[in-house]
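The sequence and the coordinates follow.

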Amino acid sequence: MTEMAQLEPLTGAEVPPGTGRRHLIGVSDLTAADIDRLLGTAATISRSLEREVKKLPALRGRLVINLFYESSTRTLSSFDLAAKRLSADTMAVRSSGSSVDKGESLKDTALTLAEYDPDVIVIRHPHIGAPQLVAAATRARVVNAGDGKHQHPTQALLDLYTMRASLGRLEGVHVAIVGDVLHSRVARSLIEALELVGARTTVVAPPTLVPRGIEAMGCEATSDIAAIAAADVVYVLRMQRERMLPGAAYVPSLREYAAEWGVTPERLRRGQVVMHPGPMNRGVEIDPRVADSGVSLITEQVRAGLVVRMAVLYDLLVGGAGAALEVE
Ligand code: CP
């Protein structure tokens, strides 16, 4: 096959029947109905994982490649296990230790892996747009596991799953997202997803860590930490030092940030739940007494990551709007 032919994207006519979507690059690829279906599939899968034998045959003979150019614990491990629990073959390629170290480009890496005929490539990359490049260069379905500060759609889905499981609903829920929103792909995806399901979002952060014009995404923004008291869910974000411009001072110091913006027991009220996508910097954005308390849903988020990513892989390859997963 010529290079140009390999770069030709698939047309809709080549998409297998029963599958409406080719890729999951951002939350804008989803409708409210898609989210409802995916969360329903994840709930069905969750029940199936209560059995002694946890493997489902749905993706037998399929190949899922995890292509990670940035560090990850939760996303990589859960996509790997999700594919295995659905009986797919899996490969993990990390940029460190691969031929990326020798200067190989993302496009050449994608074209190389494409020769193994992957059904899905899950990609994490520091640059916005990397998932689209892989989608254009291969015939695989592409799932964005985080591109720069742009999008992390499966994180948003697992967060919605966790909120719905805890609160029993999503519509009308008020979520306060606290911390470094400026550098956060998690925040961008979650604000969009919450808007789709009819929830309300307030961003709470120092003015230096709020993107200009964020209200256009359908949320409110304030620099008053006391505003978190009005929310049902307090969603805490890490300071993403790896994405900050060298030498730029967004806050006077981490100690002052913790004192002014850290989520402590004293700043919470009874009845609230607390979430964090991880990894946490204990003692900075979140007090360990909150992280380890009964109001924390952080471990539930990790469990949700597995079943939601199983649902996403199933939905892209087998399900979609026409076919619900049946588990005996
Ligand atoms: N939340 C999240 O993306 O965690 P990892 O970086 O560990 O994958």
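I123 stands opposite N144, a residue of β4. The model in which this pair occurs is a predicted one. The strand β3 (residues 120-125) pairs with β4 in the parallel sense, over 5 bridges.

**The sheet**

These strands belong to an open sheet of 4 strands with parallel pairing, in the order β2-β1-β3-β4. The edges are held by β2 (89-94) and β4 (141-147); each has a single partner strand, so one side of each is left without a neighbour in the sheet. From one strand to the next the twist averages 15°. Helix α4 (residues 106-114) lies across β1 (63-68), β2 and β3, and runs at about 160° to β1.

**Domains and cores**

The domain assignment of the chain gives domain 1 (3-151 + 303-327) and domain 2 (153-301). Their centres, taken over C-alpha atoms, are separated by 26 Å. The contact between them takes 36 residues from domain 1 and 28 residues from domain 2.

The largest nonpolar core has 89 residues, of which L160, M163, I177, L209, Y235 and L313 touch the most other members. Helix α10 (residues 298-317) gives the most to this core, with 12 residues. At least three residues of the core come from each of domain 1 and domain 2.

Leaving aside residues up to four places away in sequence, L313 touches L59, V64, F79, A82, A83, L86 and V120. A second core of 18 residues is separate and includes L63, Y69, L106 and A137.

**Helix α6**

Helix α6 (residues 153-167) has 15 residues, and the distance from its first C-alpha to its last is 21 Å, close to the 21 Å expected at 1.5 Å a residue. The helix is mostly covered, with 11 of its 15 residues buried. The buried residues include P153, T154, Q155 and A156, and also L160 and M163. Both L160 and M163 are among the core residues that touch the most other members. An α-helix has 3.6 residues a turn, so residues three or four places apart point the same way. Just after α6, G168 takes a positive phi of about 85°.

**Backbone exceptions**

Most residues other than glycine have a negative phi, and most peptide bonds are trans.

| Residue | Phi | Loop | Relative accessibility |
|---|---|---|---|
| S87 | about 70° | between α3 (74-85) and β2 | 17% |

P279 is placed in the loop between β9 (273-275) and α9 (288-291).

Conventions:
Residues numbered from 1 in each chain as written. Predicted model: local features only at pLDDT ≥ 70, side-chain atom pairs only at ≥ 80, totals over all residues. Heavy atoms only, no water. Core = buried A, V, L, I, M, F, W, Y, C linked by side-chain atoms within 4.5 Å. Buried < 20%, exposed > 50% of the residue type's maximum accessible area, 1.4 Å probe, protein only. Helix = DSSP H or I, 4+ residues; strand = E, 2+ residues; numbered from the N terminus. Domains from an automatic or database assignment. Contact = heavy atoms within 4.5 Å. Pairing = 2+ DSSP bridges. Axes fitted to C-alpha atoms, helices over the stretch in contact; angles between N-to-C directions. Expected span 1.5 Å × (residues − 1).
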